[in-house]
Amino acid sequence: MPHSSGGGSSGGGFHGGSSSGSSNHISTHYFAGARRYRRFYTDGRPDEYVYANSKPGKTGIRSLVMIAVMGVIFMMACGLSVFTDKPKFLVPKYQDDPAVHDDIGVMEEKDKDELLTLMRQYNQLTGICPVIYTTFDEEWNKDYNNLEKYAYDKYVSNFSDEQHWVFVYSIPADAAEFQPGGLVTSSEFKWEAIQGDETDNILTESAFENIGKAIQKDLKAGKGPGTAFITGFGKAYESAKKKLEPGAGRAVFNTIISCIPLLITVGIFVPLFIIMLKQYKKDKAMDYEEVPLDVEPVEVPGLRSYINAKGGTVTEYKTNGYYSKSVGYDATNPAASKAVKIVSLVMLIPFILIGIGVMAGGVSIINAGTDRTGGIFMIGFGAVWTFISAAILIGLLRTSAKAKKMAGDPLTAEYPKAEYPDMKPVTPESAKPSEQPEFDPQFFGSAKSDYESDDEDYKRMKRKGFE
């Protein structure tokens, strides 16, 4: 849709136009509230001990893929903008020519002829078709609150394309002074410019600022609209020629400037992806297990244990050069921080809405028939953006639900207490001697010799004292 370039008035100056939580603290030294974790490597690297608020995480393949996809999307968008935003001649979609409709007779014929000549040169250079209207305030202020709305309606009522540049100059009829020759002048004036969307690459905000200030300066000086617009279109022609027909050196400079967003995007995502890839490879052969603070770290040759991704405790025994696993469940896997979940939800929901809005904008552009290729790109970009944001949100919710389900008692710096068989306490009654013999007489009673029953000489000698 067309939009305001800007304008000015006698009562004011020139104006521009309008356009449609908490983290896990990890350290190698103890800090208040920290738990100790052993970082061990399955590829033979030595163990390391760290202190953290909760069990440290690892770089996952999903994070790596997300960064890669987001990087490709942003780099494609920036690369496409290098070509689409480059100023170029507009292939006309209209049948009319530049025109000056001086309905209130405020321009001299010689000024009007010179102005039309400049406007046609500008049209041949850029493909933009400029049109100027002059009117009295009384013609529009009954139905419109301001001149900008009237100028916009003037554009859309007369032109169906996005390649025109419409100016409306207005003065109050009761303040006009009729001069010899039928000219009407007034110290009070207003003017607005409306440009089509396809003109934006040439008529940038900075370009129109220079043009608009030149027009406003002449009008304030009382030079009249004819002279003021001649000055303005002279500036417009010079600005467009620099953009559309730059020299070799300036062309290279403009290309470098237009590539800056792409270079910044590449400079951010490529190093980030390389760092995450290296960290992923490093973390793939690494895991953590909690070591209570009151227990000195002890390394047992041939034995190692850790907590796997599902919250199970895995103990591996090395036998004949190989490790065999014993897996047990551990409900101490920490749940995600509530603050982190809330912040993530607040951040991701607007991202999803942005993606939906981009898709809706693409559909609107296609329905308007102004830029089918741009509309298709916006729909595709919005769809990918929404899918990635929704996938991250769903993954976060699933992880949170799983952590909540698995979470038992919070991690502490103590091992579970050992359990022993029930034993009766010692009492005075239980301490009394038992009536039952303390020792089995079968083993500890006085042994009798077989001679006592068989040898009469032995018995006789015993009676005489030879025992």
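Modeller: Let us begin with a pair of charged residues. Asp137 and Lys190 form a salt bridge, with the closest N and O atoms 3.5 Å apart. Asp137 lies in the loop between E7 and helix H3 (147–158) and Lys190 lies in strand E11, so this pair ties together parts that are 53 residues apart in sequence. Please note that this is a predicted model: local features need pLDDT of at least 70, side-chain atom pairs count only at pLDDT 80 or more, and totals for chains, interfaces and linings use all residues. Residues are numbered from 1 along each chain as its sequence is written, and side-chain values use heavy atoms, with hydrogens and water left out.

Biologist: What is a salt bridge?

Modeller: Side chains of opposite charge can pair when their charged atoms come close. The term salt bridge requires a side-chain nitrogen of Lys or Arg within 4 Å of a carboxyl oxygen of Asp or Glu. The labels of helices (H or I, at least four residues) and strands (E, at least two) are DSSP runs, numbered from the N terminus.

Biologist: How many salt bridges does a search of the whole structure find?

Modeller: The search finds seven salt bridges. One of them joins the side chains of Lys93 and Glu198, at 3.1 Å from N to O. This pair links distant parts of the chain, 105 residues apart: Lys93 is in the loop between H1 and strand E6 (99–102), and Glu198 is in the loop between strand E11 (190–195) and helix H4 (205–220). Glu198 is partly exposed, at a relative accessible area of 22%. Another salt bridge connects Glu108 with Lys110, where the closest N and O atoms are 3.9 Å apart. Glu108 is partly exposed at 35%, while Lys110 is exposed at 56%.

Biologist: How is a pair of aromatic rings described?

Modeller: A pair of aromatic rings is described by the distance of the centres and the angle of the planes. Rings of Phe, Tyr and Trp (its six-membered ring) pair if their centres lie within 6.5 Å; planes under 30 degrees apart count as stacked, over 60 as edge-to-face and the rest as tilted. The structure holds 15 aromatic pairs. In one of them, the rings of Trp165 and Phe233 have their centres 5.5 Å apart and their planes at 55°, so the pair is tilted. The two residues are 68 residues apart, with Trp165 in strand E8 (residues 164–171) and Phe233 in helix H5 (residues 224–244). Trp165 is buried at 0% relative accessibility, and Phe233 is buried at 1%. Ring pairs also link Tyr122, Trp165, Phe167, Trp191, Phe208, Phe229 and Phe233 into a cluster.

Biologist: With which side chain does the side chain of Thr134 make a polar contact?

Modeller: A polar contact is a pair of N or O atoms within 3.5 Å; within protein, one must be able to donate a hydrogen and the other to accept it, and residues adjacent in sequence count only if both atoms are side-chain atoms. The side chain of Thr134 makes such a contact with the side chain of Asp102, at 2.8 Å. A polar atom of the Thr134 side chain also lies 3.0 Å from the backbone nitrogen of Asp103. Thr134 is found in strand E7 (residues 129–136) and is buried, with a relative accessible area of 2%.

Biologist: Where is Thr386 found?

Modeller: Thr386 is found in helix H8 (residues 372–406), and its side chain reaches the backbone nitrogen of Ile356 at 3.5 Å. Thr386 is buried, with a relative accessible area of 13%. Contact means heavy atoms within 4.5 Å. Leaving aside neighbours within four places in sequence, Thr386 is in contact with Ile352, Gly355, Ile356 and Met359. Gly382 is also found in helix H8 and is buried, at 0% relative accessibility. With residues up to four places away in sequence not counted, Gly382 touches Gly355, Val358 and Met359.

Biologist: What share of the chain do buried residues make up?

Modeller: Buried residues make up 33% of the 467 residues in the chain. The chain has twelve helices and 15 strands.

Methods. Buried means under 20% relative accessible area, exposed over 50%, partly exposed in between (1.4 Å probe, protein chains only).
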